[in-house]
Amino acid sequence: MNKRIANRLALSVLWLCAGTTVAVLGAVIIYVFVNGIGQLSPEFIFTWPQGVNAEGGIWPTIVSTLYVTGLAMLIVTPIGVLAAVFLAEYAVQGRLVRIIRFAADSLASVPSIIMGLFGLALFVETMHIGFSMISAALALSFLMLPIVMRTTEEAIRAVPKYIRWGSYGLGASKWQTVSRIVIPAAMPRILTGLILATGRAVGETAVVIFTMGQAINLPISPLDSGRPMTVHLYMLAMEGINLPAAYGTALLLMIMILFFNLTARWLLRRNRRMQG
Amino acid sequence: MMHVSADVREDATKPRADKISVKNLDFYYGDFQALTGITVGIKERGVTAFIGPSGCGKSTFLRCFNRMNDLIPGTKVDGTILVDGEDIYAPGVDPVDLRRRVGMIFQQPNPFPMSIYDNVAFGPRLHGVTKKPELDEIVERSLERANLWKEVKEILPRGGLTLSGGQQQRLCIARVLAVEPDIMLMDEPCSAIDPTSVQKIEDLMDELKDRITIIIVTHNMQQAARVSDETAFFLQEKTGQPAEMVEFGRTAEIFTSPKDRRTEDYITGRFG
């Protein structure tokens with residue numbers, strides 16, 4: 001009897017906790033959706049802000065966000081992927097590798113506002129790049145690097161040994177095996193990591209507020225400054241100048257991030273089906 | 001009574017020379033000695049079977065011939081292995097070059113996650129063949145030799161992993177044949193596939209052995225008796241002790257009149 005009650009109790013608690021998680025997510029999405037949907041229109045998305053930048057559309061901020069994210073991807077992809085290839089395939093597994101891995105994990109837990117401060121000090125001021133897409137992209141890439149490295153390393157390790165043996169058995173060198181077999185086989189999962197990192201970058205505020213500036217500007221060159229969606233959202237809301245527009249921006253941001261996450265899931269599932 | 005293929009070709013061929021000569025081979029995984037004192041000559045153009053209970057070092061021995069063990073850190077080989085009279089463990093021998101000449105088929109069919117065509121073309125491309133007509137020809141010829149061409153000629157762009165297990169294994173054989181090795185090592189190639197496919201692979205070995213020296217590790221004694229010309233029996237007598245080669249000879253003799261008592265015990269199913 002006692003056992004049965006304990007069992008039921010445990011199950012209810014577990015259900016409750018799991019339910020809470022879903023409920024919180026649902027509440028946030030519904031809240032933003034209800035408040036923001038009225039704002040979304042082609043004009044809102046594709047036109048410039050008006051007046052004190054509180055009215056009108058948010059087009060330049062969307063471009064700034066996509067610009068900086070794309071730039072950060074260009075920086076982080078080769079470095080993160082190659083670093084992971086080195087760690088997983090080449091480095092002698094030992095103390096040094098453990099230290100590098102620990103450093104990457106620690107980097108992942110550095111608060112983003114500190115990364116922003118660091119970006120401000122290093123790129124904007126010391127290197128005199130100024131508030132710009134490139135300064136923000138560099139700082140963002142620090143934030144994305146550990147995510148990309150970790151997921152890539154796991155993706156590479158997940159490639160079965162016997163597939164590598166097949167390649168070595170045909171007289172392939174290590175690099176031929178890594179570049180022609182291992183990386184392509186790991187690619188779907190590597191892409192998943194890259195997309196998740198992209199989602200992270202799109203939603204990042206603290207880093208870009210320090211490094212990109214706040215001026216509404218349509219960036220052309222990487223040295224141009226701008227104002228990303230997150231910062232625009234922050235200004236609209238905190239200065240209380242146009243709350244509906246803030247919700248509209250928030251909704252758009254959420255849709256973008258949701259899109260990235262769903263793409264990542266889709267890639268993973270498709271890959272699993274192909275190998276299963 | 002087991003059918004022994006060796007009888008058929010008894011007088012049809014000229015005497016076969018040794019393709020591989022092994023002398024006093026010891027093998028170590030770190031401090032653990034896995035094999036001791038193996039001396040054997042493997043004849044060209046035939047099938048040699050390695051049999052013995054699990055853990056008796058037959059796969060380890062097989063992987064010495066293409067230096068696949070080099071990929072496992074801490075392994076060491078003492079003694080000599082000559083392939084065509086050349087010491088493959090001599091300094092200056094590149095294992096990557098060696099593996100072109102000594103192909104390998106694994107227990108688990110391991111097609112690469114790419115198209116059937118690209119699987120077969122992988123080896124030739126590695127070694128510098130880039131022209132499409134030439135690759136087409138190699139792919140067709142290799143698949144034909146692996147008895148897979150008829151089944152896949154319409155679906156070459158399809159993924160290698162979409163084939164059945166037995167077809168995948170023949171695809172792996174075609175992939176090895178595409179680099180024209182003169183030795184093919186097969187590490188329990190039939191243990192993960194269905195019986196009909198096993199038949200196809202055994203037939204294939206019979207066709208290939210006229211040109212290629214095949215060494216097969218197998219747990220299945222009937223298979224060893226069916227496909228091989230020579231058989232080597234391996235045994236690790238005590239756990240922790242190195243394994244040795246107990247007996248080597250013509251398959252017909254090993255299976256009908258083994259010289260060593262332990263071979264007889266194993267073959268008659270008293271252990272293992």
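Which residues does Val68(A) touch, not counting residues up to four places away in sequence? I find Met133(A), Ala136(A), Ala137(A), Leu140(A), Val208(A), Met212(A) and Pro228(A); contact here is C-beta atoms, placed from the backbone, within 7 Å.

I note that this is a predicted model, where local features need pLDDT of at least 70, side-chain atom pairs count only at pLDDT 80 or more, and totals for chains, interfaces and linings use all residues. Residues are numbered from 1 along each chain as its sequence is written, and chains are lettered from A and ligands numbered from 1 in the order in which they are written.

I looked up the core next. The largest nonpolar core holds 145 residues, and Val68(A), Leu140(A) and Met144(A) have the most contacts inside it. Such a core is a set of buried Ala, Val, Leu, Ile, Met, Phe, Trp, Tyr and Cys residues joined through C-beta atoms within 7 Å; buried means 20 or more other C-beta atoms within 10 Å of the residue's own. H6(A) gives the most to this core, 16 residues.

I then checked one helix pair. H4 (residues 95-109) and H6 (residues 133-157) of chain A pack at about 130°, axes 8 Å apart; helices are DSSP runs of H or I, at least four residues. The axes are lines fitted to C-alpha atoms over the stretch in contact, with angles from 0 to 180 degrees between N-to-C directions.

For the chain as a whole, I record that 42% of the 276 residues of chain A count as buried. The C-alpha atoms fill a box of roughly 70 × 70 × 35 Å, taken along the principal axes. Of the contacts in chain A with a separation of 6 or more, 74% are between residues 24 or more positions apart.

Technical notes:
Helix = DSSP H or I, 4+ residues; strand = E, 2+ residues; numbered from the N terminus. Buried ≥ 20, exposed ≤ 12 C-beta atoms within 10 Å, placed from the backbone. Contact = placed C-beta atoms within 7 Å.
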